[in-house]
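Q: Please take a close look at one part of this structure for someone who has not seen it before. Start from a single residue, then show what surrounds that part.

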Amino acid sequence: MTSSTDTVTPGGAVKRAPRRHRRKLTFDKVSFMVVFLGVPLAIFLIFVISPFVQALYYSMTDWNGFSPSMDFVGLKNFERLLQDDTFIRAVINCILLGVIVPFVTIAIALIIASVVTVAGPSKGTVRGIKGAGLYRAVSFFPYCIPAIVIGLIWAQVYDPSSGLLNGFLTSIGLHQFENFPWLGNVTTAMPASMWVIIWGFIGFYTVLFVAAIKGIPAETYEAVRLDGAGRFRTAMSVTIPLIRDSVQTAYIYLGIAALDSFVYMSALFPNAGGPANTTLVISQELFNTAFRKGQFGYATAMGVVLAAVTLLFAAIVFIVVRLSRGREEGR
Amino acid sequence: MMTVTTSPVTDRPAQTPVAPGGRSQKQSRGDVAVAASSHTLLIIWLVIVVVPLVWVLMSSFKTTDEILSSPFAPPKSFHLDNYVNAWNGAGIGSYFVNTLIVVGCALVIVMILGAMCAYVLARFRFFGARAIYYLMLAGLTFPVFLAIVPLFFILRNIGLLNTLPGLILTYVAFALPFTVFFLYSFFQTLPDEIYEAAQVDGASEWRTFFQVMLPMARPGMASVAIFNFLGLWNQFLLPVALNSDQSHYVLTQGMASFASQAGYSIDFGALYAAVVITVVPVLIVYVFFQRQLQGSVSAGTMK
C-alpha cells in the first residue's frame with residue numbers, strides 16, 4: 001500500500017505553491033519546524049532507516065547477537081548462502097510465488113472487473129451487469145481480514161478429515177479426496193498455499209481494475225463496438241492495453257507481497273517449511289535463523305538477498321511492460 | 001488523481017435508465033447468454049469468498065465434538081461457550097485489549113506526526129526537503145524483513161523490547177512513510193489563500209496548522225486513518241519478532257500461537273470463536289467505510 005508514483009512530483013509541486021516566507025526567524029517558526037519535522041523524522045530515522053543501513057553491515061559479520069565480538073567477514077555469509085540447499089530451496093519457492101501468484105490474481109481480477117463493468121447488453125450505452133456493486137463489495141472484504149486469520153481459516157478448510165474442501169469433494173462423488181492432506185502432500189502444498197494468498201488479494205485488485213476501466217471513455221467502447229469487435233476482442237485489444245499502468249502497479253505490489261508470504265505460510269504451516277520444505281520461503285528461513293538459531297549476521301544476509309530479489313523483480317516487471325509497449329507502438 | 005475521493009464509486013453504466021419504449025429494451029439472445037454466464041461466474045466467485053467465512057461463523061457456535069463429528073451440519077443450539085473460552089481461557093480477551101491499546105495509540109500518533117511532517121514537506125521550501133521525501137520513498141520500498149534484526153537490537157538497547165510502548169513506536173515508524181506520502185499530496189491541493197489569510201490575521205504557525213489547515217485536511221485524514229487502522233490491526237511480523245512476552249501479545253500473534261500450540265488438543269470451537277472475534281472489528285470498519293475504502297482505491301492513490 002503506497003501512494004502511486006505518478007502523484008509523486010515534488011519538484012513540480014513545490015513550484016506550484018510559491019513560498020513567501022522571507023521574514024526573519026521567529027521563535028514561533030523555529031519551534032514549529034523543529035517539532036513538526038524533527039519529531040517524525042527522528043522516529044523514522046531511528047526505527048526505519050537506521051535498521052536498513054545497519055542490516056547492510058551486519059550481513060557482512062559473523063555476529064550471533066549476544067556475544068560482544070562481531071567480526072567482519074566480508075562476503076562469506078553470501079558464499080555460504082549459495083551452498084545452503086535449504087536457502088536455495090526457499091529462494092526457488094519465493095520465485096515461484098512471485099511469478100504465479102500475481103499472474104493468477106491479476107487474471108481473475110481482470111475477468112471479474114471486465115464482467116462487472118462492460119458485460120451489460122450490447123445495445124445502448126456500454127454498461128455493467130446488474131448487482132455489480134454487491135459483487136464488488138463482497139469480493140473486496142477478504143482484503144480487510146488479517147492475513148493470519150485468512151491463513152488459519154484456510155488451514156481448517158484444507159483439513160484432511162473435517163475440512164470444508166474434502167467434505168465438498170467427497171459429497172459430489174470424488175471419494176479419492178477423502179482424508180486427502182492438501183497441505184501435507186508434496187505436490188499440492190504449494191498450489192494450495194498460493195490459492196490462499198490469491199483468494200485474499202483478488203477483491204482489492206478487482207476494485208482497482210474496475211476503477212481503471214471506468215477511466216476509459218465510454219466513446220472508446222462505443223467506437224470499438226461500431227467497428228464490430230466482440231466482447232473478448234474488446235477486452236484483449238482495448239481494455240488491457242489501456243489499463244496497462246494499473247496492471248503494472250498491481251503486478252509489482254502483488255509480487256512484493258508474494259515474495260514475503262511470511263504470514264500466510266506461518267498460519268498454514270506452523271512448523272515452517274511444509275512437506276519436504278516445498279513451501280519454505282526466505283522470510284521464514286530468515287526468521288528461524290535469526291530468532292531461533294541466533295545467527296543474526298547470517299540471517300541479515302538473507303534479508304539482503306530478499307531485498308535484492310524484490311528490487312530485481314520490480315525492475316523486470318518495469319522492463320517487460322516497457323518492451324510490450326514499445327512493440328505495440330512500433331506496429 | 002491526487003486527491004482522495006470520498007464520493008462513492010457509482011456504477012456509472014448500471015444506473016443508466018433504459019430508453020423508454022426503445023428497441024434497446026429488448027435484449028438479444030446473445031446478451032442474455034452473456035449476462036447469464038457472467039452472473040454464473042460472479043456467483044461462483046461469491047460462493048468461494050463467502051462460504052469459508054460463513055462456515056467459520058457457523059462452526060464458532062458448535063461444540064468441539066460437533067465440529068469433529070459433523071463438520072458441515074449447522075449447530076444444534078447456539079453455543080456461546082466457545083466465545084467465553086476463547087475470551088478468557090485462550091487469552092484472546094487480553095490480546096484484544098492489548099491490540100486496542102497498541103493500534104489506538106499508534107494510530108493517533110502516526111496521524112498527528114504524519115500530518116505535521118507531510119504539511120511541512122508539502123508547504124515549506126527548505127534545504128533537504130527533497131532528500132527527506134526520497135528517504136520516505138526508500139522506507140516504503142524495502143522489505144521490513146531486512147530491518148527486522150537490527151530493529152530487534154535497537155529496541156533491546158533502549159529497553160523497549162517486549163513492551164507495548166516499543167511496539168507502538170515501531171508501528172508508528174513503519175506506518176509513517178505511507179501516511180506522509182498520502183497526506184503530502186493532500187496538503188498540496190489546499191489553497192494558499194487561506195494560509196495567507198490566517199497569517200495576516202496574526203495566527204502563529206502552530207495555530208494556523210491546528211485550527212485552519214488540519215481541519216481542511218479532514219477527508220484525506222479519514223481515508224489514511226482507515227487504511228492505517230486495517231494495516232496496523234492486521235500487522236503480524238513486527239509483533240512476532242519484537243514482542244515475545246505472552247502477556248503483551250496482540251491478537252494476530254495470539255491467534256497464531258493459539259492455533260499452533262499443542263497440536264491435537266486444540267479447542268477448535270474456541271479457535272473459530274477467536275477468528276470471529278478478530279474479524280468483527282474489521283468487519284465493522286469495513287461496513288461503515290466500505291464506500292470510502294473503495295473510493296480511495298479508485299482514486300488511484302492506494303495501489
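A: Start with G273(A). This residue is buried, because 20 other C-beta atoms lie within 10 Å and 20 or more is the cut-off for buried. The model is a predicted one.

Where does G273(A) sit? It is found in a loop of chain A, between α12 (262–268) and α13 (282–291). Set aside the neighbours within four places in sequence. G273(A) is then in contact with T279(A) and L280(A). Q284(A) is another residue to look at. Eleven residues separate G273(A) and Q284(A) in sequence, and their C-alpha atoms are 8.0 Å apart in space.

Now step back to the chain around this loop. Chain A holds 14 helices and zero strands. Read from the N terminus, its elements run α-α-α-α-α-α-α-α-α-α-α-α-α-α. The chain has 331 residues, and 45% of them count as buried. G273(A) is one of the buried residues. Take the contacts in chain A with a separation of 6 or more. Residues 24 or more positions apart account for 69% of them.

Chain B comes next. It has 13 helices and zero strands. From the N terminus on, the order is α-α-α-α-α-α-α-α-α-α-α-α-α. Of its 303 residues, 46% are buried. Among contacts in chain B with a separation of 6 or more, 80% are between residues 24 or more positions apart.

How do helices of the two chains meet? Two packed helices are described by the angle between their axes and the distance between the axes. On the α2(A) side, the contact is made by P40(A), I43(A), F44(A), F47(A) and V48(A). On the α7(B) side, the partners are L169(B), T170(B), V172(B), A173(B), F174(B) and L176(B). Ten residues of this contact are nonpolar, one is polar and none is charged.

Helix α7(B) also packs within chain B. Its partner there is helix α10, residues 218–233. The angle is about 155°, with the axes 10 Å apart. Angles over 145 degrees count as roughly antiparallel, so α7(B) is roughly antiparallel to α10(B). Their crossing is right-handed. From α7(B), the residues in contact are Y171(B), A175(B), T179(B), F182(B), L183(B) and F186(B). They meet G220(B), V224(B), N228(B), G231(B) and L232(B) in α10(B). Here seven residues are nonpolar, four are polar and none is charged.

How much confidence does the predictor give? For the complex, it reports an ipTM of 0.81 and a pTM of 0.83. Chain B averages a pLDDT of 82, and 87% of its residues score at least 70. In chain B, helix α4 (residues 92–123) has the highest confidence, at 93. The lowest is in helix α2 of chain B (residues 64–69), at a mean of 80. Over residues 1–25 of chain B, the pLDDT is below 50. Beyond near neighbours in sequence, that stretch has 52 contacts in the model. Where pLDDT is low, the predicted coordinates should not be read in detail.

Terms used. Residues numbered from 1 in each chain as written. Chains lettered and ligands numbered in written order. Predicted model: local features only at pLDDT ≥ 70, side-chain atom pairs only at ≥ 80, totals over all residues. Contact = placed C-beta atoms within 7 Å. Helix = DSSP H or I, 4+ residues; strand = E, 2+ residues; numbered from the N terminus. Nonpolar A, V, L, I, M, F, W, Y, C, P; charged D, E, K, R; others polar. Axes fitted to C-alpha atoms, helices over the stretch in contact; angles between N-to-C directions. Parallel < 35°, antiparallel > 145°, perpendicular 65-115°, else oblique. Left-handed = near helix turned anticlockwise from the far one by under 90°. pLDDT = per-residue confidence, 0-100. Buried ≥ 20, exposed ≤ 12 C-beta atoms within 10 Å, placed from the backbone.
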